[in-house]
Amino acid sequence: MEISQGVSVVIPTYNRRDDVLRCVHSVLKSDDVNFEVIVVDNASTDDTYEKLMELCDTFPCLKVVLADKNLGAGGGRNLGASHASGKYLLFLDSDNVIDSHMIRILTDSIMNSGAGMVGPLMLFGERPDRIWTYFADINPWTSRAHYLGHKEFYPQSLPRFVDSGHIPNCFMVRREDFEAIGGFDEYYVVMYEEADFAEQIKKRLKKKIVIDTHAITYHYVPFDERQSDGCILGMRDAGRAYLLARNRVHFVRRNCSPLQKLFFFLVANLAMTFYYYYHFARAGRWDYAKSYLRGIIAGMEGR
């Protein structure tokens with residue numbers, strides 16, 4: 001299929017067979033016919049790859065790329081982009097179901113604007129009457145993420161275009177811009193890689209990040225944020241605690257001003273460490289505490 005002027009949809013996934021199949025089927029129902037779908041299986045240990053390959057004979061626009069190891073979100077996206085042929089790249093997490101008009105609307109938006117990245121309004125998949133987010137940003141002084149509209153009711157009166165700090169989960173960029181900044185920084189593995197990518201677009205390419213609220217995706221994450229057993233402050237295991245601490249430090253070192261870095265290391269990072277350690281201690285999860293500290297040290301050392 002010749003889609004040199006069209007859209008390449010890149011979907012990295014790992015052990016999410018049911019989620020990614022649901023996501024791919026929603027993309028295949030899109031009313032924009034000029035697209036291809038590239039799923040990167042990050043060396044899943046379930047039958048994700050086999051189930052995806054069964055779809056390829058039926059849908060010639062679908063390509064499945066099997067990674068040798070789990071490359072994480074950024075690495076998976078970079079690998080998928082290397083197999084893409086479209087003028088525009090739509091990066092989509094596998095726990096999404098997109099509206100049939102979303103690709104067409106985002107393509108029109110990025111074609112007719114100077115934005116470097118465009119994304120949709122994001123609703124909860126299990127509660128489509130509630131907004132997951134229509135704006136995201138990272139506070140450069142504290143590195144804390146901020147999501148506007150979270151859990152607010154939808155529909156509501158929203159402007160068509162919203163300037164954003166970064167876009168998690170689902171976003172479109174021009175291939176030439178992606179290549180100009182060298183893709184995603186694979187150091188992150190997961191967490192902060194999308195925000196870092198947006199910072200490169202804003203600072204190096206001098207382009208805006210925009211949400212088009214007429215485009216919709218449904219994000220299948222729990223609406224009830226009460227943590228399950230062993231999950232503390234959004235961290236499902238000690239490995240995530242390590243990556244959160246390490247990536248937060250790396251993001252600040254890479255993207256913030258000298259004054260912001262000074263405040264972060266002298267005040268914000270210490271305060272957040274005490275905050276996390278309080279919750280780790282209450283839960284008796286000293287493995288999380290050790291991993292979090294190791295992550296801070298690794299981030300400071302750049303490893």
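R77, D93, E193 and E194 are joined in a network of salt bridges, a salt bridge being a side-chain nitrogen of Lys or Arg within 4 Å of a carboxyl oxygen of Asp or Glu. The structure holds 19 salt bridges. The model is a predicted one, in which local features need pLDDT of at least 70 and side-chain atom pairs count only at pLDDT 80 or more, while totals for chains, interfaces and linings use all residues. Residues are numbered from 1 along each chain as its sequence is written, and side-chain values use heavy atoms, with hydrogens and water left out.

Setting aside neighbours within four places in sequence, D185 is in contact (heavy atoms within 4.5 Å) with E193, D196, H250 and R254. D185 itself sits in the loop between α5 (175-180) and α6 (193-204); helices here are DSSP runs of H or I with at least four residues, numbered from the N terminus. With a relative accessibility of 18%, D185 counts as buried, since buried means under 20% relative accessible area, exposed over 50%, and partly exposed in between (1.4 Å probe, protein chains only). The side chain of D185 also reaches the backbone nitrogen of Y187, at 3.0 Å.

In the pair formed by D287 and R285, the closest N and O atoms are 2.7 Å apart. Here D287 is partly exposed at 33%, and R285 is partly exposed at 26%.

W141, L259, L262, F263, L266 and V267 make a nonpolar patch of about 570 Å². Such a patch consists of residues with over 30% relative accessible area and no salt bridge, with nonpolar side chains (Val, Leu, Ile, Met, Phe, Trp, Tyr) joined within 5 Å; accessible areas come from the Shrake-Rupley method with a 1.4 Å probe. V267, one of these residues, belongs to helix α8 (residues 258-283) and is partly exposed, with a relative accessible area of 42%.

Technical notes:
Helices (H or I, at least four residues) and strands (E, at least two) are DSSP runs, numbered from the N terminus. A polar contact is a pair of N or O atoms within 3.5 Å; within protein, one must be able to donate a hydrogen and the other to accept it, and residues adjacent in sequence count only if both atoms are side-chain atoms. Patches are made of residues with over 30% relative accessible area and no salt bridge: like charges are joined within 9 Å, nonpolar side chains (Val, Leu, Ile, Met, Phe, Trp, Tyr) within 5 Å.
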